[in-house]
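Dear colleague,

I am handing over the structure we spoke about, and I would be glad if you could read the notes with the model open beside them.

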Amino acid sequence: MHNAILAVDFGSTYTKVTAISNEKAEILGTSKAFTTFETDIRDGLNAAVQELEKQTGKLNFSHKLAASSAGGGLKMVAVGLVPALTAKAAQTAACSAGAKVVKTFSYELTKADCAKIRQINPDLVLLSGGTDGGNKDVILHNAKMLAEIDAPFSVIIAGNKAAAEDAQTTLQAGDKHAVICGNVMPAFNTLDAEPAKSAINTLFLEKIIEAKGLTQAAREFSAPIIPTPLAVFECTQLLSQSLGDLLAVDVGGATTDVYSMCAGTPTLPGVALKGLPEPFAKRTVEGDLGLRHSQETLVEKLISDGATGNNLLPVGLEEYRKTCKENYAYVPEKNHPHAAIDALLCGIAVDMAVTRHAGFLESSYTPFGEAFSQTGKDLTGVRYVIGIGGSVIYSENPPEILKNATQKQRGKILKPASPKLLLDKKYIFAAMGLLARMDKKRALSILESEL
Amino acid sequence: MNGKTLVMGVIGADVHAIGIKILSHAFTEAGYNVVNLGVMVSQEEYIEAAIETNANAIVVSSLYGHGEMDCRGLREKCDEAGLKDIPLYVGGNLVVGKRDFAEVEKTFLDMGFNRAYPPGTPPEVGIADINKDLGLA
Ligand code: B12
């Protein structure tokens with residue numbers, strides 16, 4: 001019997017398991033089974049482990065680690081004051097904690113906004129607004145509006161410290177669980193994501209694990225369960241220590257996630273930086289770019305590209321959409337025409353998500369000629385683009401899809417210029433992120449040999 | 001600390017960086033919480049910073065002679081953004097060359113600025129006025 005470390009990823013559809021050798025920097029095997037929500041989540045886990053042991057022989061697990069995106073992941077809404085300031089800061093902080101930020105709101109929440117939030121039914125709301133000593137009115141108004149929403153979410157208050165306690169009282173009066181942490185923007189244009197990030201992780205453990213039916217399973221693991229995107233985030237962060245600047249893209253059923261690890265400062269001379277300073281390790285989540293649950297935007301783009309002659313409209317699109325709508329877990333056979341449509345949409349998702357993640361240049365005409373300013377990160381110098389997640393890695397031609405992450409011609413959008421393309425072929429990023437929490441060196445050498 | 005917040009910066013495509021550093025330092029010494037946006041600041045950036053920090057006034061500096069063009073519309077945008085009646089101050093080398101300052105001042109007051117200052121005005125003059133306007137002196 002081998003000694004091994006078990007890394008588990010509870011996904012919405014599949015529970016994926018990876019066995020890592022205890023002696024060498026080596027993966028012993030991977031396997032998956034359907035996630036079993038209806039009964040006990042451990043049933044699916046046991047099935048996956050049995051499958052795994054068919055490849056490896058009986059295993060003795062010295063450590064068991066787990067991440068989860070089950071039940072739709074950690075669904076969040078971010079609320080701030082000015083879109084480019086505290087709203088963006090809150091969104092950035094929530095994304096870096098591994099949340100799926102479905103929507104970000106700014107200024108005073110309206111009744112319509114609140115109806116939208118009720119419909120989203122988030123697990124957590126991150127409420128910011130105002131620098132410390134700055135605006136109080138809006139965060140207090142928004143606390144009042146959130147208190148009135150009839151949904152069971154918890155609220156993390158990460159705004160103006162002078163208003164935080166009043167906001168908490170208001171929320172508690174509306175029967176909301178509300179915790180206070182440090183401001184995401186304590187002073188003008190300074191992002192402080194850490195306090196919000198750790199508050200999110202605490203609530204994830206206290207509330208979400210239970211809400212998603214993971215309490216029983218959680219007891220069997222050697223470390224706290226973390227959100228899967230956080231594990232992937234930490235994996236890409238680790239990998240950048242060896243590969244240098246990189247970008248990773250994960251096209252999922254509901255979202256497209258982009259991770260960039262680079263300073264992103266201007267590569268062109270004489271360009272002024274604008275806006276909120278960008279974190280070196282950055283994650284963005286596009287809630288409207290998914291291959292199944294949120295297909296609309298992608299299909300619309302496919303059709304409009306078709307109309308302008310960029311792409312021929314695929315046959316069977318209507319039938320494809322119907323099939324996907326009826327079954328979010330639908331995976332077309334390899335040579336089925338639907339697989340080709342998936343690949344097309346996947347490419348569009350990569351293109352749009354990386355375009356939104358990347359910084360951009362703006363030119364203004366001044367009395368002394370053209371001047372350029374950059375908002376966001378300049379990714380032109382990024383050396384690697386890595387495809388992660390099933391829809392990219394199991395597609396017919398992954399490089400063709402990943403090419404959409406790069407600049408077609410040098411322009412105003414600062415996407416990577418000429419990166420090498422890599423794939424997480426064995427689907428191990430989440431597992432390596434988990435492993436890195438206990439053994440960075442081993443995780444890194446496995447990644448180096450697998451990529 | 002006097003509890004008042006000022007947003008300041010050099011407007012437009014202007015890169016003269018030294019004056020605003022001195023201004024920011026002088027106002028901080030005088031007890032203000034200063035949010036210094038630096039150089040090349042757009043109208044929107046002053047407004048967004050003022051909203052988020054609940055600023056009591058906006059101080060605009062312009063050195064390169066194109067102040068009139070850069071400052072036009074700032075008052076209207078403030079009104080639009082809900083910063084009703086926020087005091088606006090402007091100084092530096094507001095126009096090209098040596099125009100009669102009374103005329104220049106009128107132009108900027110008509111644009112909605114509360115006060116406009118001629119070239120070389122020392123920070124102390126501005127501090128004294130703003131203290132008065134904000135009810136500190
Ligand atoms: C250094 C300098 C530069 C440097 C700036 C370097 C940098 N990054 O800071 C460089 C070489 C880049 C430069 C470029 C240009 N410059 Co130049 N520059 C100067 C110079 C010599 C000194 C400016 C300075 O730092 N002064 C010291 C500081 C402490 O004083 P200050 O800026 O005036 O600020 C004080 C006061 O005015 C006051 N104040 C300012 N704002 C406000 C606001 C309020 C409310 C109050 C109360 C007070 C106040 O308080 C400040 C602190 O004490 C001046 C001439 C001069 N001697 O002033 C020309 C000068 C400002 N430049 C000028 C010009 C024309 C230019 C250029 C257009 C030249 C060109 N054709 O390329 C470019 C513009 C580039 C751009 N996009 O901005 C002209 C402006 C003419 C005008 N307005 O009529 C000046 C006056 C020279 C001249 N006599 O012609 N410049």
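Predicted model: local features only at pLDDT ≥ 70, side-chain atom pairs only at ≥ 80, totals over all residues.

I begin with chain B, which has 6 helices and 5 strands, arranged along the sequence in the pattern β-α-β-α-β-α-α-β-α-β-α. The C-alpha trace of chain B spans about 40 × 30 × 25 Å along its principal axes. Its radius of gyration is 14 Å, and because a compact globule of 137 residues would have a value near 14 Å, chain B agrees with that expectation. Buried residues account for 45% of the 137 residues in chain B. If one takes the contacts in chain B between residues at least 6 apart in sequence, 74% of them join residues at least 24 apart.

The ligand lies between chains A and B, and 29 residues surround it, the closest being B:Gly19, B:Ser61, B:Gly65, B:Gly91 and B:Gly126. Which elements of chain B each supply at least two residues of the shell around the ligand? They are helix 1 (18-29), strand 3 (57-62), strand 4 (88-92) and helix 6 (123-133) of chain B. Sorted by class, the shell around the ligand is made up of 17 nonpolar, 11 polar and 1 charged residues.

Turning to the contact between the two chains, 17 residues of chain A are in contact with 11 residues of chain B. On the side of chain A that touches chain B, the elements that give two or more residues are helix 2 (83-96) and strand 15 (360-366) of chain A, and the largest share, 3 residues, comes from helix 2 of chain A. By class, that side of chain A has 9 nonpolar and 8 polar residues, with no charged residues.

- domain 1, covering 2-70 + 218-224;
- domain 2, covering 74-209;
- domain 3, covering 228-433.

Between domain 1 of chain A and domain 2 of chain A, the C-alpha centres are 34 Å apart.

With best regards

Definitions and conventions:
Residues numbered from 1 in each chain as written. Chains lettered and ligands numbered in written order. Domains from an automatic or database assignment. Near = placed C-beta within 6 Å. Helix = DSSP H or I, 4+ residues; strand = E, 2+ residues; numbered from the N terminus. Nonpolar A, V, L, I, M, F, W, Y, C, P; charged D, E, K, R; others polar. Rg over C-alpha atoms; globule rule 2.2 N^0.38 Å. Buried ≥ 20, exposed ≤ 12 C-beta atoms within 10 Å, placed from the backbone. Contact = placed C-beta atoms within 7 Å.
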